[in-house]
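Hi,

Here is the structure I promised to pass on.

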Amino acid sequence: MAAGGGLHRRYGRAASRYAHPGHRPQAGCRKQGGSMKRDQTSVLIVGGGLTGLSAAVFLAHHGVRATVVERHPDTSTHPKARAINPRTMELYRAVGMEERVRAGRSPISGNTDLVHVESLAGKERVRMPNASPEDIGRISPTQWTLIDQNQLEPILRERAVEAGADVRFSTRVDGLEEDADGVSVRVTDLSTGGSSEIRAQYVIAADGSRSPLREMLGIGAHGRGTITNLVSFFFEADLTEVLRSRRIIAAYVNNPEVRGTIIPIDNDRRWVINVSFSPEQGQRAEDFTEERCTALVRAAVGVPELPLKIESVDMPAWDISARVADTFATRRVFVAGDAAHVMPPTGAFGASTGIQDAYNLAWKLALVLSGTAGPGLLESYDAERRPVAEETVRQAMLRFAVREGKQYQEVAAELLDETTMTFGYCYRAGAFAAEAGAPDAIVEDPEHPGARPGARAPHLELSGPEGPVSVIDLYGDGFTLLVDEVAGRWPGAVEQEAARLGVALKVVRIGRGTRLWDQGGSFRRRYGLLAGGAVLVRPDGFVAWRTTAGRTGPVDRAAVDALRTILDRG
């Protein structure tokens, strides 16, 4: 963890770069009755996008009411991210939001095809492989959800407010001071121009790819940086004939006239196209007139006289970049989402990776804030999430290389499949009791999981009194100790220690004579256990500790020691 020197650090923004149009930044805090206005919060989340709003929801699930500030006046009006992967849906499922999110799914939710083409009417270069619902069903109780970012953000905002979060849009951060006891953050209400201060114990910087907070903190980033600049515009056209019955999520176009992506909006006549341009060659976003956009759409579709209507050409330019922050944390500020890692949209990894950052961090903050865990638990956030981000960016770049014209065969040897990247990533170091001799790989095959500490606890269906139960649904609140049914003599010691530490611990016995039983022996096999073994699972569904010794070993003491170490309780 980067502490960055000393106990007291002050950061501010350059007014010329960050000033809101028409507003002159004010120094200090607004005075009310002779005193400066200061608010208090346990956790301040800077950024009201998918990562920030999800963090507020996850914190509320663990009993922490956060404050969210976002400089924009409202949630996103652009589709942007359009897919939430099944692992992320497991997180929303754990906080009771799965059906709510699915209810807002996109009109393209039944589409399956990611195609690379010379043009939509022309040659299809490659169709990226993806997992079938049956493949995913063996790994998870949930599935992909295609939902546009401008539909998901309002759902998350509403849920966060319902749960007690203080969500403030049109609020800009102007600076912060970090000390041994907390963080003082100066903010401006952009609707009134008034300034005030928010005092927080911890801050989550989820303020996007250009993250002013990350810059204030002096946290650098590494990676390729900007890969391409793009403009986006909506158009209307009937593409039924050129689609040739394909149900596309996206079509990546690469030909001498245009390089970009065609994406359906309503699965009928409305589309958006993202087109690359090169400022280094003197090209400008302002040059994309209606006439030029019409020509580019026709070149991308491959029909020279295609009837179409351009809706608008005034959307701001944006870029595709690849970089990862050099650290995800100072002492009391944590960067997450696009502020921590930016990657090409190929693979639909970006939004889900950020939401998973927030889920990893939320339970740790809750335990530290309650005094149940020591501050050392928070050091595991950077240790766990940054290597995963590095690999995820690498995989997105490999997929983007195909979009840019590389042959699929050139990257296939390094390319990890969709289910492995979604479910199989592992933490090499962090808040778990590592096993001696465990593999150091950043991923494992989720179809054949090792279930080692630091890996996602595998899914399997158990039989219960009311029907099948996914073991995934046992996780999400506190720690869960899964015990093979012959191990009945020892879990009491773990329960007693957890109660003494103030830790929520649920002991679940699996086997004959219990409420949950495993018909085919999958529990031992998928969790790597012998008869009488046990596994401790963290609130985020990752394995914290396990014993493969069965009932012959001193497993009660080992489990207690693991729990104390994970919680930084000595």
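First, something to check by eye: is Arg428 buried, partly exposed or exposed? Arg428 counts as partly exposed, at 46% relative accessibility. (Buried means under 20% relative accessible area, exposed over 50% and partly exposed in between, with a 1.4 Å probe and protein chains only.)

Before the rest, some housekeeping. This is a predicted model, where local features need pLDDT of at least 70 and side-chain atom pairs count only at pLDDT 80 or more, while totals for chains, interfaces and linings use all residues. Residues are numbered from 1 along each chain as its sequence is written, and side-chain values use heavy atoms, with hydrogens and water left out.

Salt bridges

There are 40 salt bridges in the structure. The term stands for a side-chain nitrogen of Lys or Arg within 4 Å of a carboxyl oxygen of Asp or Glu. Helices (H or I, at least four residues) and strands (E, at least two) are DSSP runs, numbered from the N terminus.

Arg428 is in one of the bridges: its side chain meets that of Asp440, 3.8 Å from N to O. Both residues sit in the loop between α13 (418–423) and β20 (461–464), twelve residues apart. Asp440 is exposed, with a relative accessible area of 54%.

Asp148 and Arg82 also form a salt bridge, at 2.6 Å from N to O. Asp148 is in the loop between α5 (133–137) and α6 (149–162), and Arg82 is in the loop between β5 (67–69) and α3 (86–94), so the pair ties together parts that are 66 residues apart in sequence. Asp148 is buried at 7% relative accessible area, and Arg82 is buried too, at 11%.

Then there is Glu311 with Arg270, whose closest N and O atoms are 2.7 Å apart. That pair links the loop between β16 (309–310) and β17 (318–325), where Glu311 lies, to strand β15 (residues 270–277), which holds Arg270; the two are 41 residues apart. Glu311 is partly exposed at 31%, as is Arg270 at 28%.

You'll also find a network of salt bridges linking Lys37, Asp39, Asp166 and Arg168.

Helices

Seven of the nine residues of α3 are buried, so this helix is largely enclosed by the rest of the structure. The buried ones are Pro86, Arg87, Thr88, Met89, Glu90, Leu91 and Tyr92. They pack against α2 (50–61), α4 (98–103), α5, α6, α10 (350–369) and α13, with contact meaning heavy atoms within 4.5 Å. Just after α3, Gly96 takes a positive phi of about 75°.

α10 also packs with helix α11 (residues 379–403), at an angle of about 170° and with axes 10 Å apart. (Axes are lines fitted to C-alpha atoms, for helices over the stretch in contact, and angles run from 0 to 180 degrees between N-to-C directions.) The two helices are therefore roughly antiparallel, a label for angles over 145 degrees. Residues meeting there include Thr353 and Gln356 in α10, and Ser380 and Tyr381 in α11.

A hairpin

β24 and β25 form a hairpin with five residues between them, and Gly541 in the turn has a positive phi of about 80°. The strands, β24 at residues 534–537 and β25, run antiparallel and are joined by four bridges; two strands pair if DSSP finds at least two bridges between them. Val535 has Arg546 in β25 as its bridge partner. Five of the five residues of β25 (residues 543–547) are buried, so that strand is largely enclosed by the rest of the structure.

Cheers

Key:
Angles under 35 degrees count as roughly parallel, over 145 as roughly antiparallel, 65 to 115 as roughly perpendicular and the rest as oblique.
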